Amino acid sequence: MNLHLVTDRSLTLGRPLLDIIRAAVAGGTSLVQLREKDCSTREFVELGQAVASLLQGYKIPLIINDRVDVALAIGAQGVHIGQSDMPYPQARAILGSQAIIGLSVETPEQALAANLFDVDYLGLSPVFATTTKMDLPPQLGLQGVQEIRAVSRHQLIAIGGINSDNAENVITAGAHGLAVVSAICAASDPKNAAMELCKKIAVAKAKA
Ligand code: TZP
Ligand code: MG
């Protein structure tokens, strides 16, 4: 199932991040992106090491938001980069052909430009309104997802305001998978939340 958990320790309601990740994986999460903005490089590396050793046991890939150096330092499987992070060609050159590299796109034009790159997936950002990330560009909406699907050759992972109520519509609009922060991190039952999202993805794909 194509469900990414993007982490945010500030949203876990005081619960340890490793517990949330364990529950999310038990619920069907297929990839974890470590995205922690409020920590020092040392803290990020130490947290990354702990998450990496947890996920190794489950054979679930770990990718690191923004930081190619941190990904290398902890032996993560890859990175997720945005439009103002390290450019894709340099990230690929540093990490190698086996690494997972995801790239955020915010418009159909950016998605078209990304056809030149062998990224592993595009993050479509943001699909809906969210309070998890500040200073976001305008929402793509379902129409934006459709427009990007029409021009992109890549796997498309939708992010921003996604929950079990709108998940099916996002897949039906053309996303191959979903990435969520609060729908799992802040859920009262993160395992169940991941299971519900996986179910919705499966139902939408079965109808396609
Ligand atoms: N990138 C685009 S929107 C977003 C990120 C990291 C936050 C998504 O958070 P949520 O809680 O799933 O809406
Ligand atoms: Mg970034």
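Colleague: How is the confidence of this model to be read, and what is the mean pLDDT of the protein?

Modeller: This is a predicted model. Its mean pLDDT is 97, and 100% of the residues reach 70 or more. The scores for the model are ipTM 0.99 and pTM 0.98.

Colleague: Which residues does the UniProt annotation "binding site" cover together with Asp-66?

Modeller: An unreviewed UniProt entry places Asp-66 and Asp-85 under that annotation. They are spread over 20 residues of sequence, yet they cluster in space, with a largest C-alpha distance of 6.2 Å.

Colleague: Where is each of the two found, Asp-66 and Asp-85?

Modeller: Asp-66 is in the loop that runs between β3 (62–65) and α3 (68–74). Asp-85 belongs to the loop between β4 (78–81) and α4 (88–95). Beyond its neighbours within four places in sequence, Asp-66 is in contact with Ile-81 and Asp-85.

Colleague: Why does Asp-66 count as partly exposed?

Modeller: A residue is buried if 20 or more other C-beta atoms lie within 10 Å of its own, and exposed if there are 12 or fewer. Asp-66 has 18 such neighbours, so it counts as partly exposed. Asp-85 has 17 and therefore counts as partly exposed.

Colleague: Which other residues does the unreviewed UniProt entry cover with a "binding site" annotation?

Modeller: That annotation covers Gln-33, Leu-34, Arg-35, Glu-36, Lys-37, Asn-65, Ser-104 and Lys-133, according to the entry. Arg-35 lies in the loop between β2 (31–34) and α2 (41–58), and Glu-36 lies in the loop between β2 and α2.

Colleague: Is Arg-35 buried or exposed, and what does Arg-35 touch?

Modeller: Arg-35 is buried, because 20 other C-beta atoms are within 10 Å. Not counting residues up to four places away in sequence, Arg-35 touches Val-6, Thr-7, Asp-8 and Asn-65. Glu-36 has 19 other C-beta atoms within 10 Å and is therefore partly exposed.

Colleague: Which residues come nearest to ligand 1?

Modeller: Of the 15 residues around ligand 1, Thr-130, Thr-132, Gly-160, Val-181 and Ser-182 come nearest. The shell divides into 8 nonpolar, 6 polar and 1 charged.

Colleague: How are backbone angles to be read?

Modeller: Most residues other than glycine have a negative phi, and most peptide bonds are trans. Here, the peptide bond from Ser-125 to Pro-126 is cis, with omega near -15°. Pro-126 lies in the loop between β6 and α6.

Colleague: What is the phi of Asp-66, and what is that of Asp-135?

Modeller: Phi is near 70° for Asp-66, a positive value in a residue other than glycine. Asp-135 has a positive phi of about 55°, although it is not a glycine. Asp-135 lies in the loop between β6 and α6, and with 4 C-beta neighbours inside 10 Å Asp-135 counts as exposed.

Notes:
Residues are numbered from 1 along each chain as its sequence is written. Chains are lettered from A and ligands numbered from 1 in the order in which they are written. This is a predicted model: local features need pLDDT of at least 70, side-chain atom pairs count only at pLDDT 80 or more; totals for chains, interfaces and linings use all residues. UniProt positions are given in the numbering used here, feature names are shortened, and annotations may be inferred rather than shown by experiment. Helices (H or I, at least four residues) and strands (E, at least two) are DSSP runs, numbered from the N terminus. Two residues are in contact if their C-beta atoms, placed from the backbone, lie within 7 Å. pLDDT is the predictor's confidence in each residue, from 0 to 100. A residue is near a molecule or strand if its C-beta atom, placed from the backbone, lies within 6 Å of it. Ala, Val, Leu, Ile, Met, Phe, Trp, Tyr, Cys and Pro count as nonpolar, Asp, Glu, Lys and Arg as charged, and the others, Gly among them, as polar.
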